[in-house]
Amino acid sequence: MSELELEPMDDPADHEPTVVTSTFSDGHTETMTDVDGDGYADKVEIDRDGDGHAEVVYTHGYGPGHDLDTATVDTDGDGKYDAVYSDRNHDGRVDLYAEDHNHDGIADVAIADQNYDGRADLALKDEDFDGVADVTVTDTNNDGTYDTVHYSQPGRLAGDPFGAN
């Protein structure tokens, strides 16, 4: 039996980031950055209105050949992300979604597929924007229907606060 000799992996810190910026005739730009030198974009920034501030940023760090797995969106250009979509297990489907409705930099709605079956099984909603979830819903048996709906404020009627079921 012969021994298998493995080459040591390159340290990403040994590579200078490769940055390519394209400017289009309508003034918007797209900047792609290959941080680790593997030939794949690790970050893509899109400045839709040409003001020098990226409204959409896509990132990944899973290695060569994998799709970009996180998208962050800044709809009002204040530098705080208003929505985040993330594919945490890199299967091409969004597993985590968060949205900031009042633009304070804190997610007001978060929906997660924790077992990666393609259905949301945990959702949180902060209706009064105090940083604490007012509504929590869970699908504990993974049948696609919420099993628990918890309101932090007494007297609320149960139902589907997210309009999903």
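A salt bridge is a side-chain nitrogen of Lys or Arg within 4 Å of a carboxyl oxygen of Asp or Glu. With that in mind, here are some close-up views of this predicted model.

**View 1. Arginine 93 and aspartate 91 meet in a salt bridge.** The N to O distance given for their side chains is 3.4 Å. Arginine 93 has 40% relative accessibility, so it counts as partly exposed. Aspartate 91, at 37%, is also partly exposed.

View 2. Lysine 43 is partly exposed at 32% relative accessibility, and glutamate 45 is partly exposed at 25%.

**View 3. Aspartate 117 is joined to arginine 119 by a salt bridge.** Their closest N and O atoms are 3.8 Å apart. With relative accessible areas of 29% for aspartate 117 and 39% for arginine 119, both residues are partly exposed. The count for the model comes to 3 salt bridges.

**View 4. Aspartate 121 is buried but has no salt bridge.** Look for this residue in the loop between β8 (109-112) and β9 (122-125). How far away is the nearest side chain of opposite charge? That side chain belongs to arginine 88, and the distance is 6.7 Å. Setting aside residues up to four places away in sequence, aspartate 121 touches several others, including Gln114, Asn115, Thr138 and Asn142.

**View 5. Strand β6 pairs with β5 and with β7.** Strand β5 (residues 70-73) and strand β6 (residues 83-86) are antiparallel, with 4 bridges between them. Valine 73 sits opposite alanine 83 of β6. Another 4 bridges connect β6 to strand β7 (residues 96-99), again in the antiparallel sense. Across from valine 84, the bridge partner in β7 is alanine 98.

**View 6. Tyrosine 85 and tyrosine 97 make an aromatic pair.** A search of the whole structure finds 1 such pair. The ring centres are 5.0 Å apart and the planes meet at 45°, so the pair is tilted. Tyrosine 85 lies in strand β6 and tyrosine 97 in strand β7, 12 residues apart. Which of the two is buried, and which is partly exposed? Tyrosine 97 is buried at 17%, whereas tyrosine 85 is partly exposed at 34%.

**View 7. The largest nonpolar core has 6 residues.** Its members are Val44, Ile46, Val56, Val73, Ala83 and Tyr97. A second, separate core of 5 residues includes Ala123, Val137, Tyr146 and Tyr151.

Terms used. Residues are numbered from 1 along each chain as its sequence is written. This is a predicted model: local features need pLDDT of at least 70, side-chain atom pairs count only at pLDDT 80 or more; totals for chains, interfaces and linings use all residues. Side-chain values use heavy atoms; hydrogens and water are left out. Two strands pair if DSSP finds at least two bridges between them. Helices (H or I, at least four residues) and strands (E, at least two) are DSSP runs, numbered from the N terminus. Buried means under 20% relative accessible area, exposed over 50%, partly exposed in between (1.4 Å probe, protein chains only). Lys and Arg count as positive and Asp and Glu as negative; His and the chain ends are not counted. Contact means heavy atoms within 4.5 Å. A nonpolar core is a set of buried Ala, Val, Leu, Ile, Met, Phe, Trp, Tyr and Cys residues joined through side-chain atoms within 4.5 Å. Rings of Phe, Tyr and Trp (its six-membered ring) pair if their centres lie within 6.5 Å; planes under 30 degrees apart count as stacked, over 60 as edge-to-face and the rest as tilted.
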